[in-house]
Every structure is written in C-alpha cells, then in structure tokens.
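The following explanation is intended to be read beside the sequence and the coordinates. Please keep both in view while moving from one passage to the next.

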There are 2 protein chains.
Amino acid sequence: MVTINQQRLLDDLSTLRTFGQAGTGVIRPSLSDIDMEARFWLRDRMADAGLNAVVDGVANVVGQSPNNGPALLIGSHSDTQPTGGWLDGALGVIYGLEVARALLEDPDTAHLAVDAVAWCDEEATYTSCLGSKAFCGVLTNDDYVATNAAGESVTNALRRLGLDGRSHERVDPDRHIGYLEAHIEQGPHLEANAQRIGVVTSIVGIGGMTIGFTGEQNHAGTTPMALRKDAGVALFEFATRARERIARVASESSVWTFGSAQLLPGAESIIPGRAELLLQFRDPSAAVLDAIDTEMRALADEMTSEGPVTVAVDETRERIAPTVMDGALQEHIAGAATTHAPGVWTHMPSAAGHDPMVIAHHLPCAMLFIPSIGGVSHDFAEDTSPEDIALGCQVLADAAVSILTSAAQ
Amino acid sequence: MVTINQQRLLDDLSTLRTFGQAGTGVIRPSLSDIDMEARFWLRDRMADAGLNAVVDGVANVVGQSPNNGPALLIGSHSDTQPTGGWLDGALGVIYGLEVARALLEDPDTAHLAVDAVAWCDEEATYTSCLGSKAFCGVLTNDDYVATNAAGESVTNALRRLGLDGRSHERVDPDRHIGYLEAHIEQGPHLEANAQRIGVVTSIVGIGGMTIGFTGEQNHAGTTPMALRKDAGVALFEFATRARERIARVASESSVWTFGSAQLLPGAESIIPGRAELLLQFRDPSAAVLDAIDTEMRALADEMTSEGPVTVAVDETRERIAPTVMDGALQEHIAGAATTHAPGVWTHMPSAAGHDPMVIAHHLPCAMLFIPSIGGVSHDFAEDTSPEDIALGCQVLADAAVSILTSAAQ
C-alpha cells in the first residue's frame with residue numbers, strides 16, 4: 001500500500017491543461033510547438049520526481065526509475081485531438097508520473113521501479129501511435145512519411161523540432177515486465193452503471209470497408225422512375241438493410257457506424273450514377289468482426305443480383321485485431337479496485353483504441369478506466385470528477401506495488 | 001405547305017457541331033470563346049438567309065425577318081452543358097434558321113415573318129435562361145452577378161467579350177404573336193412508344209428542398225448503439241421511407257431524385273451529428289408538387305417525434321411552376337404532325353426545363369419534340385436519326401405557316 005498525493009496529482013493535471021488550453025478544452029496536437037513545450041515541462045516534472053528523464057528522438061518523454069528492474073512502464077500520450085478534452089491521454093501521463101514519485105517517496109516502496117512515459121501522436125495527427133511504435137521498434141517508413149493535415153511529414157516535423165527521429169528509447173526485455181495505462185472511459189458505461197473503475201479486458205478490434213454502388217447517371221427530369229439505375233437509392237437501401245443484417249451476427253459489445261456517404265456527381269438535377277458508403281465496425285471478438293464482414297459482402301451480392309445497381313465492397317480497411325489485456329495484470333488491478341472501490345468496479349472492453357494495441361505485442365499490458373461525465377470525449381466538454389480522478393490513481397498505484405512486489409518474489 | 005431543305009438543315013447542324021466538338025459530343029458552354037464563334041457563325045447564316053441578324057448585348061443571336069408582323073419567333077439556345085451533346089439546343093436553333101429561310105424562299109410563304117433566335121445560357125453555366133430573360137425584360141441584378149464555376153460573373157464575362165449586357169433585343173408585342181421551340185425529347189418516351197413527334201402540353205414544374213438531420217456527434221467506438229443519435233442513420237431511413245410516401249401522392253408523370261446526401265463531419269470514427277439530403281421533384285401539376293412537398297414535411301415531423309434525431313426541411317428551393325403550352329399553337333403543330341407523321345405523334349409533357357418557362361409569361365409558346373436515341377441527353381452519346389431530324393423541321397415549318405396564315409386572316 002502506498003498513498004498518492006491527490007492535490008499534487010490534480011495540480012499537475014491542471015498545469016498540463018494550460019498547454020494549449022482553449023476554454024474548457026485543449027488544442028495540443030502532436031509535434032506542435034505547444035505540444036513540445038508540454039513535453040519539456042513533463043520531462044522536468046519527471047526529473048523533479050527523481051527519474052532519469054528525456055525527450056527522445058521521436059518526442060516520447062520517458063522517465064526511467066533510478067532503481068533496477070523488474071520495472072513497470074506506466075503512462076499514456078500527452079498529445080490531443082485537433083479540438084480535444086483535457087483528460088484524454090493527459091490523465092494517464094500524470095498518473096504514471098504520480099505513481100512513480102509516490103512509490104519513490106514511500107520507504108516501503110522506494111526500491112520498486114516504475115518508468116513513466118508520455119507517448120507521441122497516439123491521436124494520429126501524423127500517424128497513429130507514433131511514439132509507442134518507435135518504443136517497440138516497429139515504426140516503418142510509412143510512418144515517417146505520414147503527413148499531418150497541413151502536409152508536413154513526420155520526418156520534417158521532427159527535424160523542425162530538432163529531433164532526429166532515429167535515436168529513441170526502446171523497450172528493454174531485461175527490465176520491463178509490463179505496461180499499465182489509465183484512461184477516461186470515453187463512453188457512458190461506467191457512469192450509467194454507477195461504477196467508478198473499469199478493468200479493461202481487451203481493446204476492441206476494428207474492421208471496415210467502403211461499399212461502392214454503380215448505377216447509371218442520368219437526367220433527373222427526363223428519366224422515368226421505372227427506368228432509373230439510381231446509385232443513391234441503392235445506397236440508402238443498403239444502409240437500411242445493413243442495420244438488421246449486422247444485428248443478426250453482432251455481440252452485445254458490437255458497434256457499427258456509417259461515417260460517410262457520397263452521391264456522385266452530387267447535383268440537384270442529376271440521378272446519381274455512383275455512390276460510396278463508409279462502414280466501420282468494432283467488437284472485442286475477431287470472429288464477430290469476420291461475421292459482420294461476411295454479412296456485408298453477402299448483402300452486396302444479394303443487392304447486385306436483385307439489380308438494377310451493382311453493389312460491391314470496393315476496399316477493405318486495414319483490420320485492427322482485438323487486443324487482449326494480460327490476465328495476471330488485470331487481476332492485480334482488480335485486487336486494488338476491490339480494496340479502494342468495493343462493489344463499484346467492473347471488467348469491461350475498451351471500445352476506443354489506445355497505445356496498448358501496439359505495446360501488447362511486446363509487453364504484457366493492462367488498462368484501467370475511470371468514468372467520463374456524460375460519456376463525452378474528443379470534445380471540449382470532456383470531464384471527470386476530482387474524486388474519480390484521485391481514486392483511479394490510487395488504484396493504479398496499489399496495483400503497481402502489487403505487480404512489482406509479486407514479480408520480485 | 002412549304003418544303004424545308006433537308007440537306008442544308010443537316011449540313012448546318014453538322015457545321016454547328018464543329019464549334020467545340022469533342023468526339024461525338026460538344027463542349028460549348030455559354031460565353032466561352034467557342035460559344036461566341038458559333039454565335040457569329042449563326043448570325044452570318046441568318047444574314048445569308050435574308051434576316052436582319054445581330055449578336056446582341058447579352059450574346060443572343062436574333063435574326064429578324066424583313067417582313068412586317070405578325071411574326072413568329074422560332075429558335076432555342078446554342079450553348080451546351082459542360083460536356084454536352086450535339087443536338088440539345090442546337091437542333092431548335094437550326095430549325096428556326098431553316099424554317100425562316102424556307103418560308104422566305106417559297107413564293108407562297110415569302111410574305112410571312114419568322115424571326116430566328118439562338119438564346120444565351122439556357123444551360124445555366126452562369127444563370128439559367130440568361131438570354132430569354134433579357135429578351136423578356138426580366139433579367140435581374142442577381143443574374144448579372146451570377147458566376148460560372150471559375151467564379152466569373154455574367155457582367156465580367158460579357159465585358160470580356162466586348163458586350164455591354166444592357167442593349168439587347170426585346171420582345172415586341174406589336175410584332176411577335178408567339179414563340180416555337182423544337183428540341184430532342186431528352187427522355188425515352190417517344191422512342192419506347194414508336195412515336196416520332198411529341199407536341200408538348202406543358203413543361204413540368206420543379207419543387208425541391210434540403211432536409212436537415214440533427215443528431216449528436218460522438219465517438220464511433222465508445223458510444224453504444226442504443227444511446228446514439230446518428231444523423232446519418234436518420235437520413236437513410238428518411239430517404240427509404242420517402243419513396244413510399246411520395247408514391248402515394250405522385251402522378252404518372254412525377255419524378256423525384258435525391259441528388260446529394262452528406263454526413264457530417266464525414267469521418268470513419270465519428271458518428272454523424274448532422275446530415276443533409278437534397279430532394280428534387282417534378283410534375284406537370286402544381287397540385288401534385290404541393291402534395292409531395294406536404295408529404296415530405298409530414299414525414300420530417302413524424303421522424304422528429306419518433307426521435308432520436310430532429311428532421312427538418314432546412315430550405316425550400318425556389319419553386320418553378322409548371323408552364324402550360326398555348327392550346328391554339330399546339331393545335332397547329334398537331335395538325336402539321338397529322339399530315340407528316342400520321343399515327344406516330346403524341347401529346348406529352350416536357351420533363352426537362354426550357355426557355356419557354358420564361359417566355360410563356362410574355363408570349364404564347366409551344367414546343368415540338370423529336371426522339372432521343374436511348375433517351376440519352378446531356379452526354380456525348382446524345383443522338384437522333386437524320387430522318388427524325390428532317391421530319392421534325394418539316395412539321396415545324398408547316399405549323400409556322402399555318403399559325404402565321406391564320407393570324408393574318
């Protein structure tokens with residue numbers, strides 16, 4: 001048992017919020033000037049805590065404990081969405097800092113090694129999970145040439161900031177025994193069920209496709225209804241029928257979204273000859289993702305044979321496999337939650353993506369969720385009560401002590 | 001009875017086609033350099049025919065008969081769609097020229113007055129029916145400031161061409177007794193029913209609206225299906241239900257088209273908080289247009305009360321009222337059709353818009369249709385057989401003689 005410093009935790013979160021603050025929200029996209037200012041501030045806080053802290057060649061902030069391993073890596077990302085909230089990423093970063101320093105301050109735990117981290121570009125301003133990919137040694141050339149909305153590549157952004165992009169911290173199999181990340185839920189489940197802590201079982205996998213509809217472009221005045229091959233009408237019908245078809249094979253945790261639809265050429269007086277629909281679906285089970293994919297292809301084939309419009313899966317989006325969290329690490333978090341939040345914690349999947357999707361291939365990972373007020377995230381209105389923020393950090397600190405203590409035995 | 005010169009008619013159509021020719025199609029948008037070249041060529045052909053011909057201040061080509069009135073105005077527009085066919089507009093222009101000169105050449109009809117015309121910008125490269133609006137004195141400041149896709153205004157386009165935009169030909173109530181326009185059908189009805197001539201009863205009216213869907217933008221991963229207020233899903237449902245609802249009140253001649261649909265913000269991982277749908281509907285009856293409009297508003301209200309997304313008619317597009325063709329003029333065309341195309345002509349509405357929508361408020365109007373092969377128009381593939389082209393012009397010439405002769409009695 002160790003006791004975190006709640007006031008220091010909340011103060012550091014408030015200070016980090018000032019970097020890029022915009023009303024109640026934060027605008028701190030990765031590799032912007034304000035993002036770098038925040039990273040140097042984080043490095044200094046880590047150093048103040050007694051960690052050996054650096055901003056590395058890909059702008060990860062890594063604060064290594066002066067203690068020998070086994071070490072736990074704890075953190076999250078400090079970059080935000082283009083118009084982001086103040087807790088997404090930031091919460092888990094300051095938790096890592098607070099857990100590391102709370103353990104070092106307590107004579108009973110001062111010998112345990114927690115390395116704190118703030119990853120770069122989880123939010124994909126340039127390329128998703130840039131920092132954790134680099135740390136795990138899986139950054140590719142595609143990542144280096146990925147560009148932000150202004151067309152600047154990762155390589156050029158790092159160069160602009162005086163970073164070389166190549167010399168950076170790496171996972172150390174002889175030292176690191178696992179990675180923990182805390183995060184706001186970004187959904188309504190905890191709040192709706194009056195739970196205060198979520199122990200994440202897995203991060204859902206993501207599948208997706210673009211569906212193309214090919215009919216016949218024609219004059220919207222002179223073409224009788226019966227002779228039309230209207231790609232837009234087919235799109236509306238597909239989307240409507242898809243809801244019932246996906247529901248047949250979906251699990252309780254499945255979600256699916258048509259995020260974009262386009263009728264071409266998109267003019268008032270022209271029957272659309274072509275239409276395109278973007279579908280994304282998520283589930284903790286790879287089998288369910290496969291079933292949804294199969295169902296959509298079957299529906300496309302059916303509609304094509306019914307006519308008059310040809311429906312086809314144009315492009316399959318890169319599948320992100322579900323990421324299962326480490327069972328043993330989950331048990332340590334569950335134990336700490338039972339101590340500090342008896343009866344108000346639960347196991348749950350993460351419906352959003354996080355750096356452990358990368359890291360879990362290299363280190364055992366676990367995640368802890370705290371409630372999001374109203375389930376709101378990626379929005380200036382994102383918030384969580386100070387009591388929940390403090391509770392989550394205390395649970396994480398105790399879980400870390402429990403993990404490191406049992407690892408040393 | 002007068003006999004048109006079929007070879008001259010086809011030759012002039014072929015020559016006009018060379019201005020802006022692109023394969024089998026034509027690219028001759030209004031007020032382009034090639035459009036102006038074609039207009040000066042038309043002026044010269046009209047002058048050759050003995051007409052007093054000018055390109056006026058808004059680029060209309062008007063060839064006035066040397067005879068006193070009563071005069072019939074006959075023509076169409078010589079501009080094309082961005083990628084147009086060779087007959088849309090051009091056919092009616094050359095018919096006007098051929099009818100005027102055939103009558104002047106025949107001693108029996110040489111005293112009759114036919115004024116030939118080629119209107120500017122019926123196709124709305126800048127503003128629809130620019131030329132006929134100017135001729136009827138109803139051009140507004142909105143028309144002068146209207147821009148083409150490149151952002152050039154009508155005023156600037158005319159100035160670029162050395163035209164002042166103000167001094168132009170006008171309808172003369174003491175001279176003009178009516179306006180006739182021939183056109184390809186741009187639809188499949190004549191061909192499908194083995195008819196060769198259509199006597200137009202009315203030009204359909206056009207109604208339209210944009211329908212807005214307001215839900216709640218949210219994270220496509222973390223928001224459970226049951227809690228979503230997905231504006232896109234509501235749009236798909238509205239469009240699907242609208243088909244059945246419109247069919248309840250539509251006539252045999254009704255057509256309706258969703259030409260554009262947008263989900264906002266339109267991203268893979270974001271539940272659309274907003275969506276917009278564009279609906280256009282056409283019918284020869286104003287009452288049917290009203291009924292479709294009412295039905296759509298009722299559906300929007302129903303869906304809003306069903307929830308969870310608010311559906312509202314955001315914007316009512318400017319209603320174009322149905323334009324009824326003059327009954328007496330129709331009878332003269334029908335009489336000529338009975339002579340030259342017995343059993344293979346029909347009365348029919350025009351499903352596309354034409355300059356008579358403007359002119360009919362100032363002069364009695366009538367239109368004659370000839371078949372479009374495959375119903376295709378506004379496309380390089382647009383075509384009609386030479387026999388049908390010749391027949392239509394002969395019917396129009398006889399109708400003109402009949403109208404002018406009876407007017408003089």
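**Helix packing, domains and the chain pair**

Helix H3(B) passes H12(B) in a right-handed crossing; a crossing is called left-handed if the near helix is turned anticlockwise from the far one by less than a right angle, and right-handed if clockwise. The model is a predicted one, in which local features need pLDDT of at least 70 and side-chain atom pairs count only at pLDDT 80 or more, while totals for chains, interfaces and linings use all residues. Residues are numbered from 1 along each chain as its sequence is written, and chains are lettered from A and ligands numbered from 1 in the order in which they are written.

Two packed helices are described by the angle between their axes and the distance between the axes. For helix H3 (residues 90-105) and helix H12 (residues 386-408) of chain B, the angle is about 50 degrees and the axes are 10 Å apart. Axes here are lines fitted to C-alpha atoms, for helices over the stretch in contact, and angles run from 0 to 180 degrees between N-to-C directions. Helices (H or I, at least four residues) and strands (E, at least two) are DSSP runs, numbered from the N terminus. H3(B) and H12(B) are therefore oblique to each other; angles under 35 degrees count as roughly parallel, over 145 as roughly antiparallel, 65 to 115 as roughly perpendicular and the rest as oblique.

On the H3(B) side, the residues that meet H12(B) are Leu91(B), Tyr95(B), Glu98(B), Val99(B), Ala102(B) and Leu103(B). Their partners in H12(B) are Ile389(B), Cys393(B), Leu396(B), Ala397(B), Ala400(B) and Val401(B); two residues are in contact if their C-beta atoms, placed from the backbone, lie within 7 Å. This contact comprises eleven nonpolar residues, no polar ones and one charged. In this classification Ala, Val, Leu, Ile, Met, Phe, Trp, Tyr, Cys and Pro count as nonpolar, Asp, Glu, Lys and Arg as charged, and the others, Gly among them, as polar.

In chain A, helix H12 (residues 386-408) packs with helix H10 (residues 327-340): their axes come within 8 Å and cross at roughly 130 degrees. H10(A) and H12(A) are therefore oblique to each other, and their crossing is right-handed. Among the residues that make the contact are His332(A), Ile333(A) and Ala336(A) of H10(A), together with Val395(A), Asp398(A) and Ala399(A) of H12(A). By class, the contact of H10(A) with H12(A) holds eight nonpolar, six polar and one charged residues.

Chain A is divided into domain 1 (6-204 + 322-408) and domain 2 (205-316), with bounds that come from an automatic or database domain assignment. The C-alpha centres of the two domains of chain A lie 38 Å apart. Five residues of domain 1 are in contact with nine residues of domain 2 in this chain; the domain 1 side has four nonpolar, one polar and no charged residues.

A further helix pair of chain A is H8 (residues 231-249) with H9 (residues 286-306), packed at an angle of about 145 degrees with axes 10 Å apart. The crossing of H8(A) and H9(A) is right-handed. Residues of H8(A) including Phe238(A), Arg241(A) and Arg245(A) meet residues of H9(A) including Ile292(A), Glu295(A) and Leu299(A). This contact has eleven nonpolar, no polar and four charged residues.

How many residues of chain B are in contact with chain A? The count is 41 residues of chain B against 41 residues of chain A. Helix H8 (231-249), strand S11 (255-264), strand S12 (270-271) and strand S13 (274-283) of chain B each give two or more residues to the chain B side, and S11(B) supplies the largest share, seven residues. The chain B side divides into 19 nonpolar, 18 polar and four charged residues.

Chain B is superposed on chain A by a rotation of 179 degrees with 0.2 Å of shift along its axis (RMSD 0.2 Å), using least squares on the C-alpha atoms of residues with pLDDT of at least 70 in both copies. The two copies are thus related as by a two-fold rotation axis. In chain B, the C-alpha of Phe236(B) is the nearest to the axis, at 2.5 Å. The same surface serves both copies, with 100% of the contact residues of chain B recurring in chain A.
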